Amino acid sequence: MKKLNMKSKTREALAGVAFTSPWIIGFLIFTIYPICMSLYYSFCSWHVVRGARFTGLKNFKTLFSDPNFYTALYNTLYTVIVGVTVTTLVALAASILMNNKKLKGLSFFRVVFFIPTLMPLIINCILWMWILQADIGLINTLLGYIGIKGPKWLASPQWSKPALILMMVWGCGNAIIIYLAGLQDVPESLYESAELDGANFWQRTIHITIPMISPVLLYNVVNNVIGVMQWFAEPQVMTTGGPNNSTLFYSLYLYQNAFQFNKMGYASAMAWVLLVISLIIIMGLFKGLGRFSDQ
């Protein structure tokens, strides 16, 4: 009897492996193999037309002496710190306000905030290029009505990153929907008890809302950080890294080295440095935001 059970379990296991084997083979060929090869190529000089030649740590030494590397890293970290913070605060505030069932036109506002996320990325970039034009753009036109001369936005090294952050905030509808879903699970009894104890809106938000939705908050922040670390299409379409490298983000510079300068080994080294930096930031987020859930 035991032998029959063992045979049936073995058949089930083999059947499971057989059904999942297409995914396993695809994962090994299209994910694990490229990752391993990129690690190897990061220690090689490989200019596509010529074969890869092992050079040890040369790519990493060159990378850490490259001024454009630090420019791209600064631009990316600036957007991570400022852009993700502003986007999170706006999305969180909007979701808390829209969680109020007494708000009139609630469904309308939810749709309005979500619509920008439905636009294709390239169309979104072209739209914002029109909006941010210095002379006839919508934002500067509206500022002109109240006597304020708007900046040059994408044509200004000082305002180009804030311009992209503004576009980033405009497209935070997905985060708002996720925050709203998390807020639905916060028990109303906690707010009622806090009100009886005399807690105001801000005290309820800091001591009840944020700790209760801390896993959702962590999820959205980590997603935003990963998204910014991979920013490529937006600066490529809107600024191509300019003006004066003010929007030369890390992924864009990596792409330029790989496919414009044909330095695949150098780009692979950049990719692994980006992975390490991303891991450090995300581990810090898990440690920092995890404290809210422990309160």
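Helix H8 spans residues 173-183, and its buried residues are Gly173, Ala175, Ile176, Tyr179, Leu180, Gly182 and Leu183. Buried here means under 20% relative accessible area, exposed means over 50%, and partly exposed lies in between (1.4 Å probe, protein chains only). Helices are DSSP runs of H or I with at least four residues, numbered from the N terminus. The cover over the buried residues of H8 includes helix H3 (67-98), helix H4 (106-114), helix H10 (201-212) and helix H11 (214-229).

Please keep in mind that this is a predicted model, where local features need pLDDT of at least 70, side-chain atom pairs count only at pLDDT 80 or more, and totals for chains, interfaces and linings use all residues. Residues are numbered from 1 along each chain as its sequence is written, and side-chain values use heavy atoms, with hydrogens and water left out.

Tyr179 turns up again in the largest nonpolar core, which has 64 residues; Leu132, Tyr179, Met238 and Tyr250 have the most contacts inside it. Helix H14 (residues 264-294) gives the most to this core, with 11 residues. Such a core is a set of buried Ala, Val, Leu, Ile, Met, Phe, Trp, Tyr and Cys residues joined through side-chain atoms within 4.5 Å. Beyond its neighbours within four places in sequence, Leu132 is in contact (heavy atoms within 4.5 Å) with Ile139, Lys152, Trp153, Leu154, Ala163, Leu166 and Met238.

Now for the rings. The structure holds 15 aromatic pairs. Rings of Phe, Tyr and Trp (its six-membered ring) pair if their centres lie within 6.5 Å; planes under 30 degrees apart count as stacked, over 60 as edge-to-face and the rest as tilted. Two tilted pairs are set out here.

| Pair | Centre to centre | Angle between planes |
|---|---|---|
| Tyr74 and Tyr78 | 6.1 Å | 45° |
| Tyr255 and Phe259 | 5.4 Å | 40° |

Tyr74 and Tyr78 both lie in helix H3, 4 residues apart, about one turn of the helix. Tyr255 and Phe259 are likewise 4 residues apart, in helix H13 (residues 250-260). An α-helix has 3.6 residues a turn, so residues three or four places apart point the same way. Tyr74 is partly exposed at 48% relative accessibility, and Tyr78 is partly exposed at 25%. Tyr255 is partly exposed too, at 27%, while Phe259 counts as exposed at 54%. Elsewhere, ring pairs link Phe64, Phe69, Tyr70 and Tyr250 into a cluster.

Finally, helix H1 covers residues 2-41 and includes Ala18, which is partly exposed with a relative accessible area of 49%. The C-alpha atoms of Ala18 and Leu39 are separated by 30 Å.

Methods: Helices (H or I, at least four residues) and strands (E, at least two) are DSSP runs, numbered from the N terminus.
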